[in-house]
Amino acid sequence: MFGLIVVGSIVRTTGSGLSCPDWPLCEGRLIPRMEPHVLIEWTHRLLALGVSVLLFATVLATLAHREVRARLFGLAVLAIVLLVVQIALGALTVLKLLSPAIVSAHLATALLLFGTLLVIGLVAGAEADPAREPLPARPPGLLAWFSVATLALFAQIVLGGVVSTTGASLACPDWPLCRGEWLPPLEGLVAIQVAHRWGAYLLTALLLLVTLRARAAADTVVAQAGSMLLSLAIGQMALGVVNVFLGIQVWLSALHLANAAGMLAMAIAVTFRLAVSPGAARAVVAEATT
């Protein structure tokens, strides 16, 4: 699913989205002609088919075991629903000639499906080892901080997709100024690009606060996660700036989205780890009982 999201970026930045003008076939054929743009779009569809097959196999395996079904039934159903929506949006993307709203919804749904699959894996992993050592108590409020950071990451990635699909990537060809101004008129594509830039600044500030709060965690994984996310966010901004100066390169755009999706995965994983950790009050009660 991670690879599918990154390849989707390559489809957008190379302008290959309509290289197969029909769906589910490509130019009326199962195996299309060997033309670069056609092959990029066809590879994206082929990868989507592979993800769909693997997802259905995962859901069937989940439903086949009573204990697993009891814990993961809701997530499995959600994954199937998101997959159906994603497939429909993929078809509409072609039929509606790359409508920015539909393409952005396609990315948002892909991220939700990616997150759902990750949570399925995290829940399954936690349930598979009942003898594991209990996690340290989480500091008060830290779960809320990471939850907000995760939602902010999701929103920023979707906003980045809007920038790409609307053609606003080079609406501000300079940085840190935009068309030579600190506060340009917020109209049209410039408004979209500026919103994405300010979203990146606010997200970085939020992750700085999360990093400071996470240092108090007794769990070393959580304590280090804030710093890692902050470092990745700074690297993400650097990738975006270089991409603007180079005129939007395919490989840089793909790396930009890959890093963003990786950050989202890390944020989800840490939020899950905090959610299954005992709260400070519960930990004190458990210690007193012991």
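Contact in this report means heavy atoms within 4.5 Å, and the helices and strands named below are DSSP runs (helices H or I with at least four residues, strands E with at least two) numbered from the N terminus. The structure is a predicted model, in which local features need pLDDT of at least 70 and side-chain atom pairs count only at pLDDT 80 or more, whereas totals for chains, interfaces and linings use all residues. Residues are numbered from 1 along each chain as its sequence is written, and side-chain values use heavy atoms, with hydrogens and water left out.

## Helix pairs

Two packed helices are described by the angle between their axes and the distance between the axes. Here axes are lines fitted to C-alpha atoms, for helices over the stretch in contact, and angles run from 0 to 180 degrees between N-to-C directions. Angles under 35 degrees count as roughly parallel, over 145 as roughly antiparallel, 65 to 115 as roughly perpendicular, and the rest as oblique.

The axes of α6 and α7 come within 8 Å and cross at roughly 160°, which makes α6 roughly antiparallel to α7. The crossing of α6 past α7 is left-handed; the term applies if the near helix is turned anticlockwise from the far one by less than a right angle, and right-handed applies if it is turned clockwise. On the α6 side the contact involves R197, A200, Y201, T204, L207, L208, T211 and A214, and these meet V222, A223, G226, S227, L229, L230, A233, M237 and V244 of α7. By class, this contact of α6 with α7 holds 12 nonpolar, 4 polar and 1 charged residues, where Ala, Val, Leu, Ile, Met, Phe, Trp, Tyr, Cys and Pro count as nonpolar, Asp, Glu, Lys and Arg as charged, and the others, Gly among them, as polar.

For α4 and α8, the axes come within 10 Å and cross at roughly 40°, and the two helices are therefore oblique to each other. Their crossing is right-handed. The contact is formed by L111, F114, G115, L118, V119, L122, V123 and A126 of α4 together with A261, L264, A265, I268, A269 and F272 of α8. The residues of this contact of α4 with α8 divide into 13 nonpolar, 1 polar and no charged.

## Helix α5 and its surroundings

Helix α5, residues 142-166, has 25 residues and reaches 36 Å from its first C-alpha to its last, close to the 36 Å expected at 1.5 Å a residue; the expected span is 1.5 Å times one less than the number of residues. Which residues of α5 are buried? They are L142, F146, A149, T150, L153, Q156, I157, V158, G160, G161, V163 and T165, with buried meaning under 20% relative accessible area, exposed over 50%, and partly exposed in between (1.4 Å probe, protein chains only). These buried residues of α5 pack against α1 (2-13), α4 (100-128), α6 (188-214), α7 (220-245) and α8 (250-275). Just after α5, G167 takes a positive phi of about 80°.

E41 is found in helix α2, which covers residues 36-64, and E41 counts as buried because its relative accessibility is 5%. Leaving aside residues up to four places away in sequence, E41 touches V11, S16, G17, S19 and C20.

## Loops and backbone features

P24 belongs to the loop between α1 and α2, while P176 belongs to the loop between α5 and α6.

The loop between α5 and α6 also holds R179, whose phi is near 60°, a positive value in a residue other than glycine. In the loop between α7 and α8, I248 likewise is not a glycine and has a positive phi of about 70°. The accessibility of several loop residues is set out below.

| Residue | Relative accessibility | Class |
|---|---|---|
| R179 | 55% | exposed |
| G247 | 35% | partly exposed |
| A137 | 30% | partly exposed |
| I248 | 26% | partly exposed |

G247 is placed in the loop between α7 and α8, and its C-alpha atom is separated by 22 Å from that of L98, the two residues being 149 residues apart along the chain. A137 is placed in the loop between α4 and α5; the C-alpha atoms of A137 and L183, 46 residues apart along the chain, are separated by 45 Å.
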